[in-house]
Amino acid sequence: MLEPIDVDDETLRAHVAGAQIPALLMTVAHLTGDYSLLRAEYRPAAMPSQPRGGLTDAAEADVREQALQALVRLRDGDIEVPPAPKPEELRRITSWALGSDTEDLVPLLAEQIVLAGTDPKAPTWTKAQLAPGREFRVAIIGAGLSGLLAGYRLAQAGVPFTIYEKNPGLGGTWLVNTYPGCRVDVPSHLYSYSFAPRLDWPDHFCTQDMVLDYLRDFAHRNGLVEHIRFGVEVTAMAWEENSSSWRLTLRTATGTTGAVCDGVVSAVGQLSRPRLPAIEGRDDFAGPAFHSAAWDHSVDLAGKRVAVIGTGASGFQIIPEIAGTAAEVVVFQRNPPWLRPTPQLRQPIAASAQWLFRHVPYYAQWYRFWLSAPGLRGLLDSWIVDHTYPPSERAVSAANEQLRSLLLAAIQTQLADAPEIREHVVPQYPVGAKRPLCDDGRWVAALQRDDVRLVTEPIERITPRGVVAGQQESEIDVIVYATGFEASRFLAPMSVTGRRGLDLHAMWDGAPRAYLGMTIPGFPNLFCLYGPNTNIVGQGGSIIYFSECAVSYLLDAVRLLLVTGQRALDVRKDVYDEFGAWVDHGNENRAWGFSTTSGWYNEGGRSATNWPYSADEYWRRTHHIDPADYDIA
Ligand code: NAP
C-alpha cells in the first residue's frame, strides 16, 4: 500500500512542511528509535485542531529539519522500516503525546499503530478449523458501515452470512442522507476502518459521496456485495427454541418470505428512522415538504422561500448551503447548537500531507492516533457532572465551564458585527448536553445574511401557506424538516420475539438496553451493533471504532458457540441489569443526563443512546467475551 520515498531532498522538505507536527514527531521517534525529539517543550499544547501542535516557529522549524534528516536516511536505506512499536515504545511515545502515563492504553494502541495493510483484529480462527461440518448461518440486518464490517469479519472466519438491506444500495446513513452540504463531522482519517485506511482522503472532513465511495469500494473489493440482498426488509424475527434458530420475516418487492439462521446481527443504526415533528397542521401544507434524510432533489429551491425546521447537525449543514440559492431561508430554531471551532472543516488536505500518508511508514497511523487522542484522554472529563461545583444549566463542572468559555469566546468573535443575534446563537444549556457542531464560521455568517431569517418563537402551527410562530405567519414554498431521528427506538419497527414469546419492545418498555450495547436476555444469539448506549460523544472517536470493538466481540461469541458445540448464547439477566445500572449511573452524571434540554442524547429522562465512559473502556470490555456472562446451552 505504501509507495517508496523517491524524491530529492528539496521535494522531501516541501512535503515535510505539510506534516502535522505531533504525528510527525511520533513517526520519527518510532522510525528512528531516537526519542530525543520527544522533549517536554515539543509536547503538543493542544488537541488536533492545531496542526502545528502549538509550537513556536523556532521549535517547529527544528522539528521539521530533524524529521527531514530522518526521512532522508530512510529513503537512502540507512534506516530500515521498523516493525510495529513494541509495548514499551508505544507507552513511551504516547505518554509523551498525551502528557500522562498510557500504560492502560497500550493493548488498544497496539491494534491501531500497525503498518498499513496489516490487520491485528482479524479473527485468528476459522469455522472450518473449529467446527467443520457444523451449519452456522448468520443474518445481518443492514448494509451500512457496521453491517459491512460484520460481514467482512465473518467472511474472514469462514462463517456463512447474508446481509439483508431494505434500500436498493449499500451505505446506510451515507446512502440516504444526500442533503446539500452533507459531510462527516469526524476527521476523514478517523472515519474509516482501522485495517482499511484510505490514505488519499481529499478533505479533512469528507463529503457524503466520498464516504459512500469508500464503503462501496470496501464492499466490492472484499466480495461483500454478493452476500447482500438489496430491497429486502426484515420486518420480524422470532427465536425458535426447538431448533435454536431465528426465523426472519422478509418483505421484498414481490411479497413476504422467510429465512432461518443461527445468529442475527442487527446493524440498523441509531439514526435511521427520521422523526417528523408533531406540529398541528403539518399535513395541510400545500407545497413540497420533506425530511433532511429523504431530500427531494426534484424540488428546485432556486427563488423559493424555504423553511428549515431544526438546527441540529443536519440543519446546521443545510442552511449555509442553500442560502443564496433560495430566495429566502427561514430558520426555525428551538435551541442553538454549541459551535466547536474547526477551521479545516471544508478544507482539502494539502498535497504535501497526502504525500506523507502514502509514502511515510506509520505516519497515517500516528496521525490517526492523534486525532483520536481527545476521546482517549481529557475530553470526557469536561462532560462529567461535579455535584459540588454546583452544576447548572450553564455548566456542570469547572472543566465544563472552561470549555464553555473557550467556545463562547469563539462565538463572540464571530458576532462582533452582529450583537443583535447574540442571544439567539449562544446556547442556554451546558456544553455537551447536545452534540457540539464543527464550525468554520459559515453558520453565523449565514444567519447574518439578508436572505436568511432566524425565528426563535415556538412554532404554533403549519398552514397550507406557511409556518406560524410568535403569531406571525411566514409564507413558505418548501419545508425541510431537519428534526432528527427516532434514535431511542432501537430495532423499530421490527417485531422481535425471543424465548417464551417474549416481545423485545414490550420488555424494553421504552427504555432500550443491551449488555455492552449488544446482547439482551431472552434473545439468544442476537447481537446489536451501534445498539443501546454505544454512541460515543464528542470529538476523538467515531462510530467505526465502536463498531470494530463490537464486531470483535461478536466474532468471539461465534467462536465460543463453535468451540463449545452449543447452540444458544443468552446473556444472564443479572449481568445485563448490573451493566444497565452502571451505564445509567454514568449517563446521569454527564452533561446530557443532567441538563433538561431536549434532544436525542436524553429522551424521557434517560439516555438510551450514549456511552458515558471512555472509548478505551468500551474496547476493554468488548475485547473478549467472558463465558461467565452467559447462559450457554
Ligand atoms: P438532531 O440533532 O436531533 O436535531 C433536530 C433539530 O430539530 C433540533 O434543532 C431540534 O430542536 C429540532 N426540532 C425537533 N423537533 C422540533 C419541533 N417540533 N419544532 C422545532 N424544532 C424541532 O437531528 P440531526 O440534525 O438530524 O442530527 C442527528 C444526529 O445525526 C447528530 O447529532 C449526529 O450524530 C448525526 N449527524 C451527523 C452529521 C455529520 O457527521 N456531519 C450530520 C447530520 C447528522 P431542539 O434542539 O430544541 O430539540
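Helix 10 (residues 313-322) contributes three residues to the shell around the ligand, the most of any contributor. Helices here are DSSP runs of H or I with at least four residues, and strands are runs of E with at least two, numbered from the N terminus. The model is predicted: local features need pLDDT of at least 70, side-chain atom pairs count only at pLDDT 80 or more, and totals for chains, interfaces and linings use all residues. Residues are numbered from 1 along each chain as its sequence is written, and side-chain values use heavy atoms, with hydrogens and water left out.

**The ligand and its shell**

- The ligand is surrounded by 23 residues, and the closest are R183, S314, N335, K434 and S598. A residue is near a molecule or strand if one of its heavy atoms lies within 4 Å of it.
- Nine nonpolar, nine polar and five charged residues make up the shell. In this scheme Ala, Val, Leu, Ile, Met, Phe, Trp, Tyr, Cys and Pro are nonpolar, Asp, Glu, Lys and Arg are charged, and the others, Gly among them, are polar.
- A polar side-chain atom of D185 is 2.9 Å from an oxygen atom of the ligand.
- For W600, an N or O atom in the side chain lies 3.0 Å from an oxygen atom of the ligand.
- At G312 a polar backbone atom is 3.3 Å from an oxygen atom of the ligand. A polar contact is a pair of N or O atoms within 3.5 Å; within protein, one must be able to donate a hydrogen and the other to accept it, and residues adjacent in sequence count only if both atoms are side-chain atoms.
- Taken alone, the ligand exposes 900 Å², of which the protein buries 86%. Accessible areas come from the Shrake-Rupley method with a 1.4 Å probe; for residues, only the protein chains shown count as cover.

**Two domains**

- The protein chain is divided into domain 1 (127-273 + 487-632) and domain 2 (297-341 + 389-481), with bounds from an automatic or database domain assignment.
- Both domains give residues to the shell around the ligand, so the ligand lies between them.
- The centres of domain 1 and domain 2, taken over C-alpha atoms, are 32 Å apart.
- In domain 1, 20 residues are in contact (heavy atoms within 4.5 Å) with 22 residues of domain 2.

**Helix 10**

- Eight of the ten residues of helix 10 are buried, so this helix is largely enclosed by the rest of the structure. Buried means under 20% relative accessible area, exposed over 50%, and partly exposed in between (1.4 Å probe, protein chains only).
- The buried residues of helix 10 are S314, G315, F316, Q317, I318, I319, P320 and I322.
- Their cover includes strand 9 (305-309), strand 10 (328-332) and helix 15 (442-447).
- Just after helix 10, G324 has a positive phi of about 100°.

**Q270**

- Q270 sits in the loop between strand 7 (263-266) and strand 8 (289-291), and Q270 is buried, with a relative accessible area of 0%.
- A polar atom of the Q270 side chain lies 3.0 Å from the backbone oxygen of G531, and a polar atom of that side chain is 3.5 Å from the backbone oxygen of T609.
- Leaving aside neighbours within four places in sequence, Q270 contacts residues including F490, Y530 and W600.

**G151**

- G151 belongs to helix 7 (residues 145-156) and is buried, with a relative accessible area of 0%.
- Beyond neighbours within four places in sequence, G151 is in contact with I140, F161 and L224.
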